[in-house]
Amino acid sequence: MRVRRWRGRAPGRVNLIGEHVDYLGGVVLPASVDRHTQVTGMPAAEWSVESDVEGGLEYVRAIGEQLGVGPQSVHVESDVPPGSGISSSAALLVAVAVGLKPRMDGVQAARTCQRAEQLATGVQVGVMDQFASALGRRGHVLLLDCGTLEYRAVPFPDDLVIAVIDSGEHRSLADTPYNERRREAERGEPKRRRHVDSEIARVHAFVEALEEHRFERLGTLLKESHQSLRDDFEVSTPLIDALVEQAWAVDGCLGARIMGAGFGGSIVALVERGREKQLVDAIQRPVLLCDTADGAFVRQPTSSRPPPSLPLERGRAI
């Protein structure tokens, strides 16, 4: 009997703004980026993973079980650096999902991958990372309502580059106060809620600034987001704060902020295209320079024209 081999590929993601609001049903603005995880697999007697990065077995087993698929032998290749802040875990989960169930609806795939990550890690992550990896669109960012899963593509200017700066301060979320911060926000503790409400307002303001090409405004909103995450949500660190302020001072960098769950990790910055080297030279830390990319479950257009800036499949304008 012929053994069915399968392949899947999914991108990492960057969240431009809208941090620590996804699990509360807020709006976020992620983009899938041009760093990918590729997987190949076939049925096996038990689950196994061959990868240069340790720790993938629990993720792969979890998504397989969520999809109702038997044990698989999986080989992983990736240029999504683990711990870099562009969600290597979501890229792995979505790559396996699209490989095993390529006709699955993208929204359903994202939610399935979210459940798998929660099971694999014990961390109650939101749906944003998996959603962006599954349904991001090249040349766009996604305005996603995490409560309703309504979303639309917002054009992203070609003359801006997304920079992800690795702080070198790494942590396992399970060993941080991440879940505690989430519970505090859910209970409506004043400082945590102040961040959530102001961050949601910043997401909408950021979209307006993108649509109006008001680049200086984008930078201001990134700075305000970092200050809120530092002071109200208290997920930054002294090292991160110093790197963010260093990035703010670089000519050609519009703004920067801590990205992701916090307590270390990475910084996201927006840089004018052509001036990236100034940031890299000034920071002297590993920097990923990213452009937007299509998500794993985005159906490729038959023409060579760029994708439209309309609501995506199954989405409604928000």
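**Helix packing and an open sheet in a predicted model**

Helices H1 and H2 are oblique to each other, a class that takes in angles left over once those under 35 degrees (roughly parallel), over 145 (roughly antiparallel) and 65 to 115 (roughly perpendicular) are set aside. The model is predicted, with local features needing pLDDT of at least 70 and side-chain atom pairs pLDDT 80 or more, while totals for chains, interfaces and linings use all residues. Residues are numbered from 1 along each chain as its sequence is written, and side-chain values use heavy atoms, without hydrogens and water.

H1 (residues 57–67) and H2 (residues 88–100) pack at about 40°, with axes 10 Å apart; axes are lines fitted to C-alpha atoms, for helices over the stretch in contact, and angles run from 0 to 180 degrees between N-to-C directions. Helices (H or I, at least four residues) and strands (E, at least two) are DSSP runs, numbered from the N terminus. On the H1 side, Tyr59, Val60, Ile63 and Leu67 meet Ser89, Leu92, Leu93, Val96, Ala97 and Leu100 of H2, where contact means heavy atoms within 4.5 Å. Nine of these residues are nonpolar, one is polar and none is charged (Ala, Val, Leu, Ile, Met, Phe, Trp, Tyr, Cys and Pro count as nonpolar, Asp, Glu, Lys and Arg as charged, the others, Gly among them, as polar).

Turning to the sheet, four strands form an open, antiparallel arrangement in the order E8-E9-E7-E10, pairing being defined by at least two DSSP bridges between two strands. The twist averages 20° from one strand to the next. Helix H7 (residues 215–231) lies across E7, E8 and E9, at about 25° to E8.
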